Amino acid sequence: MFTGIISEIGEIRELEEGANARRFLISCREIGAGLKIGDSIAVNGVCLTATSLPSGGFTCDVMHESLQRSNLGDLRIGNKVNLERPLLANGRFDGHIVLGHVDGVAQLLSRQVDGIAQIYKFAAAPQLLRYIVEKGSIALNGISLTVSAVDESTFSVAVIPHTLAHTNLPEVPLGGGVNVECDVLGKYVEKMLHATSIDTAHSQVDEEIDAEFLAKNGF
């Protein structure tokens, strides 16, 4: 599990294309200390596994599912990527719950200066927007941010100078894609609201969450 607080900006140093897969060599300075083969690292918000540890970096493999869901397939040598190590059990919990399981990609529509901050506006598909709520949490390229506005086709976030200086958001071009991980709590709530239960005859029936349901399940 991650928190969306980026540890370091890495750089794609080598890139190997495979059949519906990719292998990256990513250079880094700080997070490499103590990193072991098999450890998880969020790369632009995608949870990947360190497969080798060459000097000054690590390698990781990206499978077909991750390439389809994220912007990792668009990366080229020299591109910057946000990196985060998993949360330690005894660590401070900043940001919000981020799993590293990207839901899809949103396209940057505009940047606008707003005092000390910048407002980033994105276009997103309906299947992403259904989980995005104003003042709710969202992870963009692995960065924990707060949604400042949302409508039927777009959403916006306000980004402070520290985040701009320590992530790759400033390098995203207009029209470029960012990885989106929606708040996992909303997904579970939706699943429960539309859950099906199996009756004694093992046939599926729809069951909504209401007072009767809660009482029956001990609430």
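Student: Is arginine 69 buried, partly exposed or exposed?

Tutor: This is a predicted model, so read every value as computed from it. Arginine 69 counts as partly exposed, because its relative accessibility is 40%.

Student: Which residue forms a salt bridge with arginine 69?

Tutor: Start with the general idea. Side chains of opposite charge can pair when their charged atoms come close. Here the partner is glutamate 65, with the closest N and O atoms 3.0 Å apart. Both residues lie in helix α1, residues 64-69. They are 4 residues apart, about one turn of the helix. Glutamate 65 is partly exposed too, at 38% relative accessibility.

Student: How many salt bridges does a search of the whole structure find?

Tutor: The search finds 8. One of them joins arginine 85 and aspartate 39, at 3.4 Å from N to O. That pair links distant parts of the chain. Arginine 85 sits in the loop between β6 and β7, while aspartate 39 sits in the loop between β2 and β3. The two are 46 residues apart. Arginine 85 is partly exposed at 24% relative accessibility, whereas aspartate 39 is buried at 16%.

Student: Which residues do salt bridges with shared partners join into one network?

Tutor: Lys36, Asp39 and Arg85.

Student: What is the case for glutamate 17 and arginine 22?

Tutor: They form a salt bridge, with 2.6 Å between the closest N and O atoms. Check each end. Glutamate 17 is exposed, at 52% relative accessibility. Arginine 22 is buried, at 4%.

Student: Now the strands. Which strands make up the closed barrel?

Tutor: Strands of a sheet pair through backbone hydrogen bonds, either parallel or antiparallel. In this model, 6 strands form a closed barrel in the order β1-β2-β5-β4-β3-β6, and the pairing is antiparallel. From one strand to the next, the twist averages 45°.

Student: How many bridges pair strand β3 with strand β6?

Tutor: There are 2 bridges, between residues 40-43 of β3 and residues 80-84 of β6. Look at alanine 42: it stands opposite glutamate 84 in β6.

Student: How many residues are in the largest nonpolar core?

Tutor: In soluble globular proteins, nonpolar side chains tend to be buried together. The largest core here has 23 residues. Among those with the most contacts inside it are Tyr120, Phe122 and Phe155. Elements that each supply at least two core residues include β7, β8, α2 and β12. Setting aside neighbours within four places in sequence, phenylalanine 155 is in contact with Tyr120, Phe122, Ile138 and Leu140, among others. A second, separate core has 20 residues, including Cys28, Cys60, Val62 and Leu72.

Student: Where is leucine 128?

Tutor: Leucine 128 is in helix α2, and it is buried at 4% relative accessible area. Beyond neighbours within four places, its contacts include Asp103, Val180 and Cys182.

Student: How many disulfides does a search of the whole structure find?

Tutor: A disulfide is a covalent bond between the sulfur atoms of two cysteines. The search finds 0 here.

Definitions and conventions:
Residues numbered from 1 in each chain as written. Predicted model: local features only at pLDDT ≥ 70, side-chain atom pairs only at ≥ 80, totals over all residues. Heavy atoms only, no water. Core = buried A, V, L, I, M, F, W, Y, C linked by side-chain atoms within 4.5 Å. Buried < 20%, exposed > 50% of the residue type's maximum accessible area, 1.4 Å probe, protein only. Contact = heavy atoms within 4.5 Å. Pairing = 2+ DSSP bridges. Axes fitted to C-alpha atoms, helices over the stretch in contact; angles between N-to-C directions. Disulfide = S-S within 2.5 Å. Salt bridge = Lys/Arg side-chain N within 4 Å of Asp/Glu carboxyl O.
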